[in-house]
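Subject: Structure handover

Hello,

My notes follow below it.

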Amino acid sequence: MHKSVWDVVGNIMSELLAKNIMTKDVVTVDLPAGRDDVLQILKKTGVSGVAVTNGKERKLLGFITRKDILRHPDENQVAVLMSSKPVIITPNTTLKEAAKVLIDKNVRRLPVVDDDGILKGILSISDILKVIAKHFQKFALDSLKEGINENDPSIKRVQKTQEMFRLND
């Protein structure tokens, strides 16, 4: 009996770790910094949030998003604007655990830090969805090649999913 696409996705989510798919080149701002510094970074990079670190050591001190800035339009200091206790994960957190944290804590991204609090990367909802979509696509294509499950509605969504994430091998 063949595995379903959901079995495959479940296995991937339980096996892959944050360090396998996280973005390692994280956009950061070092303290001390002002709101305008962050706004320039957001505009230049197109990201919606920035990790706040202590400089070359890259110890995570907080996280600041566009929402943080909008909540306090009169505040200029990043140290005051940022979330000083962001929800974090470690490099060895499984994607299944990370997805649960993202959902339970209602956040869009998770800084990935080592045991010393040093920023190693960032994992976003989009990162996880891209992995799921890529494996979903592979499963569907393999299934079609084998001539099985070709009427599975999940497989019929592959093209749409592929277009959404513009997956390229």
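Proline 32 sits in the loop that links E1 and H3 (helices are DSSP runs of H or I with at least four residues, strands are runs of E with at least two, both numbered from the N terminus). Its peptide bond with leucine 31 is cis, with omega at about 0°.

Before the rest, two notes on the basis. This is a predicted model, in which local features need pLDDT of at least 70 and side-chain atom pairs count only at pLDDT 80 or more, while totals for chains, interfaces and linings use all residues. Residues are numbered from 1 along each chain as its sequence is written, and side-chain values use heavy atoms, with hydrogens and water left out.

Overall

The protein chain contains 9 helices and 5 strands, in the sequence pattern α-α-β-α-β-β-α-α-α-β-β-α-α-α. Of its 169 residues, 41% are buried (buried is under 20% relative accessible area, exposed is over 50%, partly exposed is in between, with a 1.4 Å probe and protein chains only). The chain exposes about 10700 Å², and carbon and sulfur atoms supply 51% of that area (Shrake-Rupley method, 1.4 Å probe; for residues, only the protein chains shown count as cover). Among contacts with a separation of 6 or more, 55% are between residues 24 or more positions apart (contact means heavy atoms within 4.5 Å).

The three-stranded sheet

An open sheet of 3 strands is ordered E1-E2-E3, and its pairing is mixed (two strands pair if DSSP finds at least two bridges between them). E1 (28-30) and E3 (60-65) are the edge strands; each has a single partner strand, so one side of each lacks a neighbour in the sheet. On average, and with direction ignored, neighbouring strands here are turned by 30° against each other (axes are lines fitted to C-alpha atoms, for helices over the stretch in contact, and angles run from 0 to 180 degrees between N-to-C directions).

E1 pairs with E2 (residues 49-53) in the parallel sense, over 3 bridges. Within that pair, aspartate 30 is opposite threonine 53 of E2. Helix H3 (residues 35-45) lies across E1, E2 and E3 and runs at about 130° to E2.

The loop between E2 and E3 holds arginine 58. Arginine 58 is not a glycine, yet has a positive phi of about 65°. Its relative accessibility is 26%, so arginine 58 counts as partly exposed.

Helix H6 and what follows

Which residues of H6 (residues 95-105) are buried? They are Leu95, Ala98, Ala99 and Leu102. These cover an arc of only 100° around the axis, which puts them on the same side of H6 (the arc is that of the directions from the helix axis to the C-beta atoms). Lys96, Lys100, Asp104 and Lys105 are exposed on the other side of H6.

Asparagine 106 follows H6 and belongs to the loop between H6 and E4 (109-113). Asparagine 106 is another residue that is not a glycine and has a positive phi, of about 55°. At 71% relative accessibility, asparagine 106 counts as exposed.

The hairpin

E4 and E5 make a hairpin with 5 residues between them, and glycine 117 in the turn has a positive phi of about 80°. The two strands run antiparallel and are joined by 5 bridges. Valine 112 has glycine 121 in E5 as its bridge partner. E5 (residues 119-124) is mostly covered, with 5 of its 6 residues buried.

Nonpolar cores

The largest nonpolar core has 15 residues, and those with the most contacts inside it are Ile21, Ile89, Leu95, Ala98, Val112, Leu123 and Ile128 (a nonpolar core is a set of buried Ala, Val, Leu, Ile, Met, Phe, Trp, Tyr and Cys residues joined through side-chain atoms within 4.5 Å). H1 (5-15), H2 (18-21), H6, E4 and H7 (125-146) each supply at least two residues of this core. H6 gives the largest share, 4 residues. Apart from this core lies another of 12 residues, including Val38, Val52, Ile64 and Val78.

Leaving aside neighbours within four places in sequence, leucine 95 is in contact with Met13, Leu16, Leu17, Ala18, Ile21, Leu123, Ile128 and Val131.

Regards
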